[in-house]
Amino acid sequence: MGLDTLEKVAADGGGAQSVDRALSLLSLIGRVADNGVTLTAIVAASGLNRATARRLVLALMRSRLVEQEPVTRRYFLGEEAYVLGVFASRRFGFLDCALESLTALSKRTGDTSFASIRRGDMSICLHREEGAFPIRTHALMPGHRHPLGIGAGSMAMLAALPDDEIERVLAANEAALSRDFPSFTPDVMGADIVFARSHGYALNPGRVLRNSWAIGRAVRYPDGSLAGALSIAAIDSRMDEARREDLAADLALEAAKVEARLAARFKAQPSAARPASERRRGDPPRPISPTKGYAS
């Protein structure tokens, strides 16, 4: 558990630095919303000393953004964080608009479906919907974060970006990919991007977790910018080519429904706007440059 490139503590001093640090800790605690996190883990993940980390967490608790469970002493998101999240969902709404489709996908296919979003150079799983098939894959759980491009939904989002943004993301994640995902070489990532763009969906053929395959499709806001991704995961025996094409058709259908719900929401709320971090990044992908290793 560490801080991504959007969350690293700023180098400036004074009050702004304290605010940056406190918000970084809030984000860190939010990633483990179900199980909570200890102060020791917060210190290890943030790089702050124990006294500073505790002081900042206490400030978050006074604002009711964080609370501490009295028995385990673990920290969780507080009620004010929930309220702010509800307000934010009314503006952006990807997960709200995706839940019905995730339920439909898992009911229709029997497999597990997911909703993920981009956060800086990372992808984060927001929701997991179980299907009825008794053998399930556990490669991805709500709150899990991966470098953008690792996993089917994550790769679908990466491939949906313009080429220059892809190059920037891969360069920013180079150290993490080499350390944690050595099989995801530049050539492999490039081939996955080509596949996603040519097929309309991304494929993870068991690279993250052996025997766990997945397909993913990007979802866009009405203006064409990236909203997130839907994905379906199953054991490899349920992902032969014929069934994969059927699942991809189901995925395309539900992704279109999510986009229609987002369009209706934005039409009803003209002042709503997509996240600022995604602005100017949602143009249709430009042709892949052979010099960047993406040529098929």
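## Helix α5 and the sheet

Helix α5, residues 94-109, lies across strands β3 (112-119), β4, β7 and β8 (226-235), and runs at about 155 degrees to β3. The model described here is predicted. C97, whose number falls within the residue range of α5, has a relative accessible area of 4% and is buried.

The chain as a whole has 296 residues, of which 45% are buried. Its secondary structure comes to ten helices and eight strands. Among contacts with a separation of 6 or more, 60% are between residues 24 or more positions apart.

## Order of the strands

Six strands make up an open sheet with antiparallel pairing, and their order is β5-β4-β3-β8-β7-β6. The edges are taken by β5 (145-147) and β6; each has a single partner strand, so one side of each has no neighbour in the sheet. From one strand to the next, the twist averages 30 degrees. In general, the strands of a sheet pair through backbone hydrogen bonds, in either a parallel or an antiparallel arrangement.

Strands β3 and β4 run antiparallel and are joined by seven bridges. They form a hairpin with two residues between the strands, and G120 in this turn has a positive phi of about 65 degrees. One of the bridge pairs sets S116 against C125 in β4. C125 counts as buried, at 3% relative accessibility.

Strand β4, residues 122-129, is also joined to β5, in the antiparallel sense, by three bridges. Two of the residue pairs can be named: I124 has R145 of β5 as its bridge partner, and S123 has H146 of β5.

R145 lies in the edge strand β5. Is R145 buried or exposed? With a relative accessible area of 17%, R145 falls under the 20% cut-off and is therefore buried. The C-alpha atoms of R145 and C125 are separated by 6.7 Å, although the two residues are 20 residues apart along the chain.

## The β7-β6 side

At the other end of the strand order, β6 (residues 202-205) pairs with β7 (residues 212-220) in the antiparallel sense over four bridges. Within this pairing, N204 stands opposite A214 in β7. The two strands form a hairpin with six residues between them, and G206 in the turn has a positive phi of about 75 degrees.

## S231 in strand β8

S231 lies in β8, a strand placed between β3 and β7 in the order of the sheet. At 4% relative accessibility, S231 counts as buried. Which residues does S231 touch, leaving aside those up to four places away in sequence? They are T112, S113, F114, G153, I215, G216 and L251.

T112, S113 and F114 fall within the range of β3, while I215 and G216 fall within that of β7. G153 is one of the buried residues of helix α6.

Helix α6, residues 152-159, is mostly covered, with eight of its eight residues buried. These are A152, G153, S154, M155, A156, M157, L158 and A159.

Two packed helices are described by the angle between their axes and by the distance between those axes. How are α6 and helix α9 (residues 186-199) placed relative to each other? Their axes come within 9 Å and cross at roughly 80 degrees. An angle from 65 to 115 degrees counts as roughly perpendicular, and α6 is therefore roughly perpendicular to α9. On the α6 side, the contact is made by M155, L158 and A159; on the α9 side, by M189, D192, I193, A196 and R197. By class, the contact has six nonpolar, no polar and two charged residues.

## Cysteines

How many disulfides does the model contain? The count comes to zero, with a disulfide taken as a pair of cysteine sulfur atoms within 2.5 Å.

Technical notes:
Residues numbered from 1 in each chain as written. Predicted model: local features only at pLDDT ≥ 70, side-chain atom pairs only at ≥ 80, totals over all residues. Heavy atoms only, no water. Pairing = 2+ DSSP bridges. Axes fitted to C-alpha atoms, helices over the stretch in contact; angles between N-to-C directions. Contact = heavy atoms within 4.5 Å. Buried < 20%, exposed > 50% of the residue type's maximum accessible area, 1.4 Å probe, protein only. Parallel < 35°, antiparallel > 145°, perpendicular 65-115°, else oblique. Nonpolar A, V, L, I, M, F, W, Y, C, P; charged D, E, K, R; others polar.
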